[in-house]
Each structure stands twice: as C-alpha cells, then as structure tokens.
Amino acid sequence: DTGFSKMIPLTLIHGFSGSPTDFLQSDCRRLASYGFFVIRPRMRGRGIPGSQDASAREVYDIYDTVKWARSQFSFVSKDHWVCVGFSGGGGNTFSVVSKFGDLCTYAVEHFGISSYSNWHAEGAAGVVSTLETWIGGSSGSGNLPIDIPANYAAREHINSVCKQLKLNID
C-alpha cells in the first residue's frame, strides 16, 4: 500500500536496443513511493512478438499498456499519464506527445531520437542496416531515407511536437 488513493501511470520506455530491465526494480519502487504506477513496456520485437518498427506502431503498444493498467487496477488514475523515455524510448515519448498529447499529462524525453533519417545519415555503427530493416523491411538499396522518405518522416515525431508547442526547430 502506497498510501495514495490514485496512482499516476508512468511509462518508462527503454532505449533503441535496450529492454525494460534497464530500469531496476529499486527505481520503480522509488517512483511508486512518489505516487506513480510504473509501467515498463517492451518495444516490439525485443523479446515479444511483432517486428521492430522504430517508433511507428510501438506508440500504440505503449498506450495499450496504460489502458490495460487502468482497466485492471482501480487505483490507477484515469486523469493523468506521465511518459518518460530514453534514446529510442525518447523518440517514442515524442510520438506519445504527438499522437496522444491530450491524454499524456507530462512527458520527459532523455536524448530522444528525433530524426531517424539524420541518425541514418550519421552512419552510427551497427545502426544503419538496422534502421533500413526496421523501417524499410530489409537492409540496403531501396530502403534508404532518400528512397522511402515518407517511412522515415512518419517517425520524426519531433516535427509534430514542435508544431503543437508552436516551436521553431530550424
């Protein structure tokens, strides 16, 4: 018993190549002591069914975990939701704000991936072919940002977040 009548759902979203176990139980307990119901969703294809998709459908998985928690536990607030993400999870946090901004009370992203096409262009070791596979279906020609710009643009949630907040990122 935490002493709170309603606990605020807080999604902790792991990094691009991480897992929910990146967040320790002690971290979750500490957050619970502040009144948060901690949810650590696992992104698609990382130990659960589904294929990795780099911040596209994953946002709906995240939202579904919050809906599930609210339906299962009467002490989980239906009025608030906090979303926190790191790296790829930060990109997904941008996506949550973009798609569920009216449902997400607070969002905190830590070094979130704001542009998968820029990340591809930087050529980070081991990431280029992963992005091509996750976003385009396979690695190599035909799956580059220049070949399928809409696929990459659909994941650049920072643009819609900035529009919502009336920020200029140029």
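Author: In this predicted model, four strands form an open sheet with parallel pairing, in the order β2-β1-β3-β4.

Reader: Which are the edge strands?

Author: The edge strands are β2, residues 36-39, and β4, residues 106-110; each of them pairs on one side only.

Reader: What does the twist average?

Author: From one strand to the next, the twist averages 15°.

Reader: How many bridges join β1 to β2?

Author: Strand β1, residues 8-13, is joined to β2 by four bridges, and the two run parallel. Leu10 stands opposite Val38 in β2.

Reader: And what does helix α2 touch?

Author: Helix α2, residues 58-72, packs on the sheet and touches β1 and β2. The direction of α2 makes about 150° with that of β1.

Reader: Which strands does helix α3 touch?

Author: Helix α3, residues 88-100, also packs on the sheet, touching β1, β3 (82-86) and β4. Its direction makes about 145° with that of β3.

Reader: Turning to β3, how many of its residues are buried?

Author: Four of the five residues of β3 are buried, so the strand is mostly covered; buried here means under 20% relative accessible area.

Reader: How many bridges join β3 to β4?

Author: Five bridges join β3 to β4, and these strands run parallel. Phe86 stands opposite His110 in β4.

Reader: Lastly, what stands opposite Ile13 in β3?

Author: Gly85 in β3 stands opposite Ile13. Four bridges join β1 to β3, and the two run parallel.

Technical notes. Residues numbered from 1 in each chain as written. Predicted model: local features only at pLDDT ≥ 70, side-chain atom pairs only at ≥ 80, totals over all residues. Heavy atoms only, no water. Pairing = 2+ DSSP bridges. Axes fitted to C-alpha atoms, helices over the stretch in contact; angles between N-to-C directions. Contact = heavy atoms within 4.5 Å. Buried < 20%, exposed > 50% of the residue type's maximum accessible area, 1.4 Å probe, protein only.
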